[in-house]
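Subject: The structure we talked about, with notes

Dear colleague,

I am handing over the structure below, and my notes on what was found in it follow directly after. Please read them with the structure open beside you.

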Amino acid sequence: MSDIWVWIEQTAGEAAPVSWEALGKSRSLADELGVGCGALVFGPGAKDIAQQAIQYGADKVCVCEDETLADFRAEPFASLVSKLAADEKPAAILAGATSSGRDVLALAAVDLKAGLVPDCTALELVDGKIQATRPVYAGKLIAGIVSEGDTVLISVRSRAFPAPEANAGRSGEIIEVEPAMAAGDIQAEVLSLEAAEGEVSLTDAGIIVSGGRGVGGPEGFAPVKELAETLNAAMGASRAAVDAGWIPYSHQVGQTGKTVSPDLYVACGISGAIQHLAGMRTSKVIVAINKDPEAPIFKLAQFGIVDDLFNVVPALTAELKKRL
């Protein structure tokens, strides 16, 4: 069997945490199969990230720092992944199930006429082939999928796998490659980038505190925000709260928002619509606070409090401040 590769997503010289998680899993699968583990890093600072990739388990890293890859655009990134894969024919290519990772793998899968398995939460070997596990039907069922093609492309959910430990003593090969597209052939152009400051990323967060329709309005998110800040957590929201205009879409958790897998998920005033549960049901521990004892969220939660969130959340925050 050929090597297993990982596309390392990076922004401004910093790799996405999910890319390292994917690399750690790729390394363990490669060891089981007795093959090599490769990584692909494109854009400014790729060589520095390549050194990190070797420390995290890559044997060989292909880098390209061409100007056409300075800002993320799916076309040139996917074209280069496809070109390298067509030449080397890896057994699998992993990437984080981010918006960028999904775009790159989807386009590359079309170019390579290869199988694509998105949003996976587990990977294992079955009869010498990689079996990917992913939730289907809004998370109500779990599917095990094996691709029969030469190369399978797999996106992995953030925090589905542990991040590997760096080994500064590891050595590997760094190979510089040429871009697959000329600047004039790329249809998209990046005009500007805006980053949200001072917020914990939902997809990377170990703790998330979310508010739903039960907060009653924009001002109802104040106690939710205070609890999140006390726990150094990210603040999420249900679609109902976002659609009502109480909080920006960037906070939405669910099938039409962010898919998350934190160690702790605190749902405040969230009833538990199917689309919301689909985005957070893989959380390690779920705590639900809702005054409706029949709320569907309680069927999924490990801990539930039946009471008004405006009574519970401030009291919980005050107690946590004492202890933390």
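Trp7 is buried, with a relative accessible area of 2%, and please keep in mind throughout that this is a predicted model. This tryptophan lies in strand 1, which covers residues 4-8. If we leave out residues up to four places away in sequence, Trp7 touches Ser19, Leu40, Phe42, Phe72, Phe77, Val81, Leu94, Ala95, Ser100, Gly101 and Val104. Between Trp7 and Arg239 there are 31 Å in space, C-alpha to C-alpha, and the two are 232 residues apart in sequence.

Which residues touch the most other members of the largest nonpolar core? That core has 34 residues, and the ones in question are Ile8, Val61, Leu94, Leu123, Ile154 and Val156. The element that gives the most to this core is helix 1 (residues 17-33), with 6 residues. Ile8, again not counting residues up to four places away in sequence, touches Ala15, Ser19, Trp20, Ala39, Leu40, Val41 and Ile49.

Arg157 sits in the loop between strand 11 (152-156) and strand 12 (173-176), and at 3% relative accessibility it counts as buried, because the cut-off for buried is under 20%. Gly216, by contrast, is found in the loop between strand 13 (207-211) and helix 5, and its relative accessible area of 52% makes it exposed, since exposed means over 50%. Gly216 and Ser26 are 190 residues apart in sequence, and their C-alpha atoms are 45 Å apart in space.

The last item is a pair of helices. The axes of helix 5 (residues 221-230) and helix 9 (residues 309-323) come within 9 Å and cross at roughly 25°. That makes helix 5 roughly parallel to helix 9, because angles under 35 degrees count as such. The crossing in which helix 5 passes helix 9 is left-handed. On the side of helix 5 the contact is made by Pro223, Val224, Glu226, Leu227 and Thr230, while helix 9 brings Phe310, Val313, Pro314, Leu316, Thr317, Leu320 and Lys321. Sorted by type, the residues of this contact between helix 5 and helix 9 divide into 8 nonpolar, 2 polar and 2 charged.

With best wishes

Conventions: Residues are numbered from 1 along each chain as its sequence is written. This is a predicted model: local features need pLDDT of at least 70, side-chain atom pairs count only at pLDDT 80 or more; totals for chains, interfaces and linings use all residues. Side-chain values use heavy atoms; hydrogens and water are left out. Axes are lines fitted to C-alpha atoms, for helices over the stretch in contact, and angles run from 0 to 180 degrees between N-to-C directions. Helices (H or I, at least four residues) and strands (E, at least two) are DSSP runs, numbered from the N terminus. Angles under 35 degrees count as roughly parallel, over 145 as roughly antiparallel, 65 to 115 as roughly perpendicular and the rest as oblique. A crossing is left-handed if the near helix is turned anticlockwise from the far one by less than a right angle, and right-handed if clockwise. Contact means heavy atoms within 4.5 Å. Ala, Val, Leu, Ile, Met, Phe, Trp, Tyr, Cys and Pro count as nonpolar, Asp, Glu, Lys and Arg as charged, and the others, Gly among them, as polar. A nonpolar core is a set of buried Ala, Val, Leu, Ile, Met, Phe, Trp, Tyr and Cys residues joined through side-chain atoms within 4.5 Å. Buried means under 20% relative accessible area, exposed over 50%, partly exposed in between (1.4 Å probe, protein chains only).
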